[in-house]
Amino acid sequence: MAARGHVQDPNDRRLRPIYDYLDNGNNKMAIQQADKLLKKHKDLHCAKVLKAIGLQRTGKQDEAYALAQEVAALEPTDDNSLQALTILYREMHRPELVTKLYEAAVKKVPNSEEYHSHLFMAYARVGEYKKMQQAGMALYKIVPKNPYYFWSVMSLIMQSISAQDENLSKTMFLPLAERMVEKMVKEDKIEAEAEVELYYMILERLEKYKEALDVVRGKLGGNLFSQLIITVDSLFVQIRSRAKIEKIRASLFNSSDLIGLSSLDGEDELMEMSTEEILTVSTVNQSLFDTQGSPALEDYFNDKSIKGEKLVPGAREVLTEIFKSCVHSEQMLSLTPAKPIKVADMYLSKEQINSQTPGNLLHVFFTNVRPPKKVLEDQLTQILRKYGVPKPKFDKSKYNKAGKEQHPVKVVSTKRPVTKPPTKEKSMLNSVSRTALSEKKPTVKPKSPEKSKPEEKDPEKSPTKKQEVPEEKYLTLDGFHRFVVDRSKQDIRSVWRAILSCGYDLHFERCACIDARHAQKASRKWTLEMDVALVQYINRLCRHLAITPARLHPHEVYLDPADAADPRISCLLHVPVESLRLRFALLQSLNTTLETFFLPLVELRQTEMYASSIAALLQEAKGLIFYDTKVTVMNRVLNATVQRTADHAAPEITLDPLEIVGGEIRSSENSYFCQAARQLACVPSSQLCVKLASGGDPTYAFNIRFTGEEVHGTSGSFRHFLWQVCKELQSSSLSLLLLCPSSAVNKNKGKYILTPSPITYAEEQLFHFFGQLLGIAIRADVPLPLDLLPSFWKTLVGEPLDPDIDLQEADILTYNYVKKFENINDETELEALCAEIASQHLATESPDCPNKPCCKFTYLTMTGEEVELCPRGRHIPVGWENKDVYATAIRSLRMRELQTPECMTAVRAGLGSIIPLQLLTTLTPLEMELRTCGLPYINLEFLKAHTMYQVGLMETDQHIEFFWSALEMFTQEELCKFIKFACNQERIPFTCPCKDGGPDTAHVPPYPMKIAPPDGAAGSPDSRYIRVETCMFMIKLPQYSSLDIMLEKLRYAIHYREDPLSG
């Protein structure tokens, strides 16, 4: 409802609650509030319209339309009612009703600039160009501003474009538009660049090229070059950084004329445009081939294509492939196997080139390189006459006596049988005549001897002699290259249009398959492993670009040399790029179908009884589904399973910070985790199921209140609570998590697992609360700073553990110990191994040989307790016969400890009380960790792209540049501390609505980061400290005079802060 504007209406205070309910999506409450207001104020038209909007959004379209028409019949003139009706009609897809609405308003208030401009825009939306012209001139008479005058001029151009009679367009609409612009030129009233472009467009359409050239070279043309430079940059700078895109977007906002925003309502609508609507980066962009473009663009094409009179190597190779495709496509259709033919021996006829055989790229090339109004056959005739060579004649001297060929000239031709000579002669003459006319050259007329060539004779004077038929010519590779060089000098854009149409990109790399046969052949080589690797690569690329796979163009998919270091995608390194892009397009289509039609209708609960159920099959194929597809479906389900609405108050817990003063917890019962668990134990889990957090003031599962402190807002304290709880879980104060044994040898250092030991009822309740916290964090979209081993996430989503990989990750010492027993070759090695173990006090003496050390069927658990691996294991020695059983028993012990069935059952039960567990069916362990804990590092470019500057600050300010330079010098540990200082969480989400093209107003908390000036202006800026408001993720940054001071103050803030909630 951002379109309601600033209204000085006394009823605005009464209407505000309805606006708020509609903005928050609470349409039922909006309808109820409107009914209450209408009982007291029956003539409040805007309340009726707002009620109609609520009805429209709840599916009651007929009631909404009737209520809207009731208000529209009264012809309201207040801004609130008009703008609310406009929003309603747009949602109804009835723009024609908006025109009637403002037509009535203009009649009642004829001198209103605002109503006239809204009327003009309403006409523009329905394509009423003549009425647009009238509205523009009426508006200019009321307020004589240039934009309004040129609105009328643009309306005339649109009438000429849409006119069915081309003669009427060039004799009436365009001349009138020209005279209107010339009037402004004579009066020296041209102000904006867009006005000059409009003038240029009119002259171009009138084919007054000389006058158009004078405009470009004259005084008015000086304003055109800025747009050309922007065009070149936006087309050829490959943007793979969100921050760079935002910079370009900001620069475009500063000059709206550069992006042709004449159809927008104003600056507000401009700010609502997404980045992709402004910058469309595509490999094949039709704006590259506009007839009137920048010289810099043509220079770029020329440098990529030719040097002097020769083609560059890349262009020569591509054109050779295009030339050879004509012969190869014919050979593919031949039933008999064809011998390989050298490209130097290929002679192509007109019929071959013009053949539409699948895979004939030469036909595609000539179709796109020809002038717009020229017939392809005429074009080919002209090309062959100029660049072709005669057909090689048969030479008997090249054959020996046996009749075998010694040095034959190979001629590749599948030309159709020649028709009767008179018909062919007539068609040839007609073809030559048409070609000559197209070139504006004198034609050969038999009845004009003075214009004919001397050697030609009048056919009427020699009727007995047949007219000579021109010798047929063939196209060779050398002739094709010469044609491309000459054509590039005339129109380089047409050459590039043809190259791109053949499936190549600007780097001469093939980006599309030649035909369906080529595509099918490439698809047969793909395996499930390759598909999963491609999905993982796309997930990583989309995280880097901050977009979803649905918005990724196949032309943007390619492997960098740096990708070779990733073992997960090593199987894709030798795949052709066209096959890679084709497979991505297939996976993209598959995921769109799954997200839109399939997954919302499928029962995803895991069923071990039915191995062929859809859930079981999806679990096997979940590697083919993009992470963003899974998250989108997951978010829809989470929002559909909300059980606590906005009408119910959130539960509140009270925590005592004094119990953890100095970061030391004297008792586990005093920890935040246990305090919260005790207080929330009596709260139904349904009260914790809220909608996904979004916007500036999100709804969380519960509120936090600290004893003796007053914290403004709920976001900062909630995020600080989760951070403190994770810190407690990964400390010695709580015994729920255990540091993995591999940490002792610096492998997976800092990684935790569930403590593998029998649990009491109280500990089971704590594990249950731990599972609830995981679900609460998912709904709150607050990444938890937990470092858990992959085995935990595997068990959580129901995947089996790998006895080798997971054991090696969790306990490398035990893994090596087991491997030693499994790799023993004889009893001597066994005795040596037992002696080695005896030296480490892990073995005893054999009862048969007192001096011979041996091992028993016992082993230490991860918690340090010695347990028997089998009944009476302390009395069973390990010998040559049972050494493999001993190794298997140790491996099984560690697998049971990693699975921890009792603990994991409690965790899954707690998680299932907050989110549906069937959502885990399609998630991999890594994706579940990513959804719950986010990325363990800070992407500075992503953060920079999602930062707002307030109270007059700009990104180009010196102290802002110092700020970002200082953060770029930080380590990842320091960046995490900075984020914790600024918003009370160490990890921030890497997703946001702009990733899906959504509005910035629904940012995932705590985004966007805000930078504002400090409060007050007392004292020198260098003596002040950085302050933050954690709930709003706002940094109050003084204008420090140097980078060194900025570094000093930032490091002081993140290392020496005393109160994490100070703001």
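User: Why does Arg 894 count as buried?

Analyst: In this predicted model, the relative accessibility of Arg 894 is 4%. Buried means under 20%, so Arg 894 counts as buried. This arginine belongs to helix α37, which covers residues 883-899.

User: Which residues are in contact with Arg 894, leaving aside its neighbours within four places in sequence?

Analyst: With those neighbours set aside, Arg 894 touches Leu 807, Asp 811, Thr 814, Tyr 859, Leu 860, Thr 861 and Met 862.

User: Why does Thr 476 count as buried, and where is Thr 476 found?

Analyst: The value for Thr 476 is 13% relative accessibility. The limit for a buried residue is under 20%, and Thr 476 therefore counts as buried. Thr 476 sits in the loop between β4 (473-474) and α23 (477-490). Leaving aside neighbours within four places in sequence, its contacts are Phe 323, Met 346, Tyr 347 and Val 389. Thr 476 and Val 389 are 87 residues apart in sequence, while their C-alpha atoms are 7.4 Å apart in space.

User: Why does Glu 75 count as partly exposed?

Analyst: Glu 75 has a relative accessibility of 36%. Partly exposed lies between the buried limit of under 20% and the exposed limit of over 50%, so Glu 75 counts as partly exposed. Glu 75 is placed in the loop between α4 (61-72) and α5 (79-91). Although Glu 75 is not a glycine, its phi is positive, at about 50°.

User: What makes Asn 746 count as exposed?

Analyst: Asn 746 reaches 58% relative accessibility. Exposed means over 50%, and Asn 746 therefore counts as exposed. The loop between β7 (737-739) and β8 (752-754) holds Asn 746. Asn 746, a residue other than glycine, also has a positive phi, near 60°.

User: How do you know that helix α30 is mostly covered?

Analyst: Helix α30 spans residues 672-680, and seven of its nine residues are buried. The buried residues are Tyr 672, Phe 673, Cys 674, Gln 675, Ala 676, Ala 677 and Leu 680. Their cover includes the strands β5 (652-655) and β6 (703-706), together with the helices α31 (715-729) and α32 (761-780).

User: Why are α8 and α9 called roughly antiparallel to each other?

Analyst: Helix α8 (residues 129-142) and helix α9 (residues 146-162) pack at an angle of about 165°. Angles over 145 degrees count as roughly antiparallel, so α8 and α9 are roughly antiparallel to each other. Their axes are 7 Å apart, and α8 passes α9 in a left-handed crossing. The residues that meet include Met 132, Met 137 and Leu 139 in α8, and Trp 151, Leu 156 and Met 158 in α9. By class, this contact has ten nonpolar, six polar and one charged residues.

User: What describes the packing of α10 and α11, and how do the residues of their contact divide?

Analyst: The axes of helix α10 (residues 166-186) and helix α11 (residues 193-205) cross at roughly 145° and come within 10 Å. The crossing of α10 past α11 is left-handed. On the side of α10, the contact is made by Lys 170, Leu 174, Ala 177, Glu 178, Val 181, Glu 182 and Val 185. Helix α11 contributes Tyr 199, Ile 202, Leu 203 and Arg 205. These residues divide into seven nonpolar, no polar and four charged.

User: How many helices and strands are there in the protein, and what share of the residues is buried?

Analyst: The protein has 43 helices and 16 strands. Of its 1063 residues, 45% are buried.

Conventions:
Residues numbered from 1 in each chain as written. Predicted model: local features only at pLDDT ≥ 70, side-chain atom pairs only at ≥ 80, totals over all residues. Heavy atoms only, no water. Axes fitted to C-alpha atoms, helices over the stretch in contact; angles between N-to-C directions. Helix = DSSP H or I, 4+ residues; strand = E, 2+ residues; numbered from the N terminus. Parallel < 35°, antiparallel > 145°, perpendicular 65-115°, else oblique. Left-handed = near helix turned anticlockwise from the far one by under 90°. Contact = heavy atoms within 4.5 Å. Nonpolar A, V, L, I, M, F, W, Y, C, P; charged D, E, K, R; others polar. Buried < 20%, exposed > 50% of the residue type's maximum accessible area, 1.4 Å probe, protein only.
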